[in-house]
Amino acid sequence: QVQLVESGGGLVQPGGSLRLSCAASGTIFSIGHMAWYRQAPGKQRELVAAITSGGDTHYGDSVKGRFTISRDNAKNTVYLQMISLEPEDTAVYYCNAQIGDISSRVVYDYWGQGTQVTVSS
């Protein structure tokens, strides 16, 4: 069984910073793409940033230059460093990863439970 557990969300003032973490645990054989998505009230879930196993990154247009995704393969963890936060960044942030199970070697798409980020003065 595989789990993704996010941490690091919270309340921050506009212009502030937060760092989200997402750790994968369980019967892991391999981890491919890892990503962060977010969903604001009344809006569809959108891609924030993604990173391949080799470290190639991709960002949503609204966060380019402000957010940085990174990963530590030894710790099975992906991070999202967020700076210059704006009220429009308020959302629940979800971690996503493509993980191969050690027993079946089948790759599944996993999601974390979400962590709330609120940007407000």
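## Disulfide

A disulfide is counted here when a pair of cysteine sulfur atoms lies within 2.5 Å. By that criterion the structure holds one disulfide. It is formed by C22 and C95, whose sulfur atoms are 2.1 Å apart. The link of C22 and C95 is left-handed, with -80° about the S-S bond. C22 lies in strand β3 (residues 18-26) and C95 in strand β9 (residues 91-101), so the pair ties together parts that are 73 residues apart in sequence. Both C22 and C95 are buried, where buried means under 20% relative accessible area, exposed means over 50%, and partly exposed covers the range in between (1.4 Å probe, protein chains only).

## Basis of the description

The model is predicted: local features need pLDDT of at least 70, side-chain atom pairs count only at pLDDT 80 or more, and totals for chains, interfaces and linings use all residues. Residues are numbered from 1 along each chain as its sequence is written, and side-chain values use heavy atoms, with hydrogens and water left out.

## Chain overview

The chain has zero helices and eleven strands. Helices (H or I, at least four residues) and strands (E, at least two) are DSSP runs, numbered from the N terminus. Along the sequence the pattern reads β-β-β-β-β-β-β-β-β-β-β.

A compact globule of 121 residues would have a radius of gyration near 14 Å, and the chain agrees, because its own value is 14 Å. This radius is taken over C-alpha atoms, and the globule rule is 2.2 Å times the number of residues to the power 0.38. The C-alpha trace spans about 50 × 25 × 25 Å along its principal axes.

Buried residues make up 42% of the 121 residues in the chain. The accessible surface of the chain comes to about 6,400 Å², with 48% of it belonging to carbon and sulfur atoms; areas come from the Shrake-Rupley method with a 1.4 Å probe, and for residues only the protein chains shown count as cover. Among contacts (heavy atoms within 4.5 Å) between residues at least 6 apart in sequence, 55% join residues at least 24 apart.

## Strand β9 and its partners

Nine of the eleven residues of β9 are buried, so this strand is largely enclosed by the rest of the structure. Two strands are taken to pair if DSSP finds at least two bridges between them. Nine bridges join β9 to β4, and the two run antiparallel; within this pairing, M34 has A97 of β9 as its bridge partner.

Strand β9 also runs antiparallel to strand β11 (residues 115-119), joined by three bridges. There, V92 has Q116 of β11 as its bridge partner. With strand β10 (residues 107-111), β9 pairs in the antiparallel sense over five bridges, and G100 stands opposite V107 in β10. β9 and β10 form a hairpin with five residues between them, and R105 in the turn has a positive phi of about 60°.

Strand β4 (residues 28-39) pairs with strand β5 (residues 46-51) in the antiparallel sense over five bridges. W36 has A49 of β5 as its bridge partner. The hairpin of β4 and β5 has six residues between the strands, and G42 takes a positive phi near 80° there.

Strand β5 in turn pairs with strand β6 (residues 57-59), antiparallel over three bridges. Five residues lie between the strands in the hairpin of β5 and β6, where G55 takes a positive phi near 100°.
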